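Please load the model in a viewer and keep the selection tool at hand.

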Amino acid sequence: MTFRKYLVLAGITVFSTAGDSLLARGMKELGNVSLHNFSGLLLAVVHPSVTAGILLLLAFFACYMSALSWADLTYVLPATSLGYVLVALIAHFSFHEVISPERWLGIGLIAAGVGFVAAGPSVTPSHQRRGSRDADRDSVSQEVDS
Amino acid sequence: MNELYAWAAIGIIILASTTGDVLLSYSMKRVGDVEKLGKRRGMLAVVGRVLRTPTFAPGLVAMGVAFYSLLFGLSWGNLSLVVPASASLTFVANALAARIFLHESVGRRRWIAALLVACGVVLMAV
C-alpha cells in the first residue's frame, strides 16, 4: 500500500459522504418530486447542490473502481466506512448536534473495525485463491505473488 | 403489512448491492491495477477497458436496483429501520459473497472488522 492508495481510500470516504449530503440537501430544497412530475425530476439536475452532489458521487465511483482494481472487496468496504463517523462528527462540531452515548459507541466500533481491516493485507495473493479458475487470469493477485 | 414490504425491500437491497459489489470487484480485478495501466496506456484506454469488461454493466445495473429499492423501502418503512438494517447486513453479506464467489481470503481479522462496522452502523442509526 502506497500513500497514493491511502489517498484513494480517503477519497472514497469523503466524496461519498459529501456527495450524499449535498444530494440530500438539494432534494430537500426542491421539495416533493414525484414520477408524475417528470419535468421536476429533470430540472433537479440543474439545482447547484444536486449538480455538485452528482459530480462528487462520480468522483466517488472513480475512486471506488480504482480501489477495487488493486484491493479486495472485503478490504475496501470496511476501510471506507468512516463516512458514517465523519457525518456524525461534522454534525457535532459544526451544527452542535448532541451525540448520544450509543452513537459514540457506534463511532468507536466503526473506527475499531476500520483499524482492524486496514492493518491487515489489502489483497489476496492468487496462490491463496484455492479452487478459483480465475486466479490465473487475475492480473492483480499475480502481481502480489511475483 | 408495510413492515413486511419494508423487510422485503431490505432483502432486495442487500441482494442487489452485494451482487453489484461482487460483479464490479470481479470486473476491476480482471482489468488490473488502474494506476499502473493508466501510466502505461493512458486513462482513456483504461476507461475503455473497464467499459468493455462483460461483468461491469450488470454490476452497474445491480447497484441501480439497490438504489431504487432503497428509495421504495424508505417510502414503506422508517428511515431508522431501513438504512441501518440494509447497510449493516450488506457488510456481512459482502464478506460471505466475497469469500464464496471472489475467493478472497476472509480471515478472522476481516470478519471481526465487518462485524464491528455492521454493529457500529446499527448503533449510529438508531
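The stops below cover a predicted model.

**Chain A as a whole.** Select chain A and colour by secondary structure. Chain A has 146 residues, of which 36% count as buried. Taking contacts in chain A between residues at least 6 apart in sequence, 64% join residues at least 24 apart.

**The two domains of chain A.** Next, colour residues 1–69 of chain A as domain 1 and residues 71–146 as domain 2. Where they meet, domain 1 of chain A has nine residues in contact with eleven residues of domain 2 of chain A. On the domain 1 side, select helix H1 (3–30) and helix H3 (48–70) of chain A; each supplies at least two residues. H1(A) gives the most to this side, namely five residues. By type, the domain 1 side divides into five nonpolar, four polar and no charged residues.

**The contact between chains A and B.** Now show both chains. Their contact takes 36 residues from chain A and 35 residues from chain B. To view the chain B side, select helix H1 (2–31), helix H2 (34–41), helix H5 (79–101) and helix H6 (108–125) of chain B, the elements that give two or more residues to it. Which helix of chain B supplies the largest share of the side that touches chain A? H6(B) does, with twelve residues. Coloured by type, the side of chain B that touches chain A has 21 nonpolar, six polar and eight charged residues.

Conventions. Residues are numbered from 1 along each chain as its sequence is written. Chains are lettered from A and ligands numbered from 1 in the order in which they are written. This is a predicted model: local features need pLDDT of at least 70, side-chain atom pairs count only at pLDDT 80 or more; totals for chains, interfaces and linings use all residues. Two residues are in contact if their C-beta atoms, placed from the backbone, lie within 7 Å. Helices (H or I, at least four residues) and strands (E, at least two) are DSSP runs, numbered from the N terminus. Ala, Val, Leu, Ile, Met, Phe, Trp, Tyr, Cys and Pro count as nonpolar, Asp, Glu, Lys and Arg as charged, and the others, Gly among them, as polar. Domain bounds come from an automatic or database domain assignment. A residue is buried if 20 or more other C-beta atoms lie within 10 Å of its own, exposed if 12 or fewer, and partly exposed in between; C-beta atoms are placed from the backbone.
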